[in-house]
Amino acid sequence: MRITLSKIVFLVLVSMSIVSCSSEDAVTAPVDNTQATAQYQYENEETQVMTLVNNYRQNLGLNTLQKIDFISIKSEEHNEYMISTGEINHNYFQDRAQSLMEVLGAVNVSENLAYNYSTPESVFNAWLNSASHKANIVGDFSHFGISIRKDANGKKYYTNMFIKK
């Protein structure tokens, strides 16, 4: 019975991480300042996407989001994972969200993914044309991070994560 219950719990958690790309947690976790101060080197295209997001939010009268390097590091880790598997996916989203909750004190986490867009404008416009991705862009968030990485064939993988502190 105990093994069956464990399998059911595991399947429910896996199902939730596949279906959803957002997480809310009412408990404020302690902040780990060592990881929270990690530095990320932004490429020009990453900065351009963040500017597009913030300009769009500002035009709607929403707060602009502050970048946090640790969020971009988590985004980069996921890009590297997707490149290694050769597919775009939200695998292990709950692990990334939990890390952001523990390290940064996030209470809500979401992410937008994309693959094979050539410019910051093209990926941003694609996200705006998707209701779920647009909901993240205009959502109740305070901070964000992004990573854009190329695979061996030059195809770009995008991970843009949003948090509320």
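Guide: This is a predicted model, and in it helix α5, residues 93–104, has 12 residues and reaches 16 Å from its first C-alpha to its last.

Visitor: What makes the span of α5 close to the one expected?
Guide: The expected span is 1.5 Å times one less than the number of residues, which for the 12 residues of α5 is given as 16 Å, and the helix reaches 16 Å.

Visitor: Which residues of α5 are buried, and what follows the helix?
Guide: The buried residues are Phe93, Arg96, Ala97, Ser99, Leu100, Met101, Val103 and Leu104. An α-helix has 3.6 residues a turn, so residues three or four places apart point the same way. After α5 comes Gly105, whose phi is positive, near 75°.

Visitor: How many aromatic pairs does the structure hold, and why is the pair of Trp127 and Tyr158 called edge-to-face?
Guide: There are 7 aromatic pairs in the structure. For Trp127 and Tyr158 the ring centres lie 6.4 Å apart and the planes stand at 85°; because pairing requires centres within 6.5 Å and edge-to-face requires planes over 60 degrees apart, the two rings count as an edge-to-face pair.

Visitor: What makes this a link between distant parts of the chain?
Guide: Trp127 belongs to helix α6 (residues 120–128) and Tyr158 to strand β5 (residues 156–164), and the two are 31 residues apart. Both Trp127 and Tyr158 are buried. Elsewhere, ring pairs link Phe141, Phe144 and Phe162 into a cluster.

Visitor: Why does Arg149 count as buried?
Guide: Arg149, which lies in strand β4 (residues 143–150), has a relative accessibility of 16%, and because buried means under 20%, Arg149 counts as buried.

Visitor: How do you know that the side chain of Arg149 makes a polar contact with that of Tyr40, and which residues does Arg149 touch?
Guide: The contact to the side chain of Tyr40 is 2.9 Å, and a further one of 3.1 Å joins the side chains of Arg149 and Glu46; the cut-off for a polar contact is within 3.5 Å. Not counting residues up to four places away in sequence, Arg149 touches Tyr40, Glu43, Glu46, Glu76, Asn79, Glu80, Ile83, Lys155, Lys156 and Tyr157.

Visitor: What is the secondary structure of the protein as a whole, and how much of it is buried?
Guide: The protein has 7 helices and 5 strands, and buried residues make up 42% of its 165 residues.

Methods: Residues are numbered from 1 along each chain as its sequence is written. This is a predicted model: local features need pLDDT of at least 70, side-chain atom pairs count only at pLDDT 80 or more; totals for chains, interfaces and linings use all residues. Side-chain values use heavy atoms; hydrogens and water are left out. Helices (H or I, at least four residues) and strands (E, at least two) are DSSP runs, numbered from the N terminus. Buried means under 20% relative accessible area, exposed over 50%, partly exposed in between (1.4 Å probe, protein chains only). Rings of Phe, Tyr and Trp (its six-membered ring) pair if their centres lie within 6.5 Å; planes under 30 degrees apart count as stacked, over 60 as edge-to-face and the rest as tilted. A polar contact is a pair of N or O atoms within 3.5 Å; within protein, one must be able to donate a hydrogen and the other to accept it, and residues adjacent in sequence count only if both atoms are side-chain atoms. Contact means heavy atoms within 4.5 Å.
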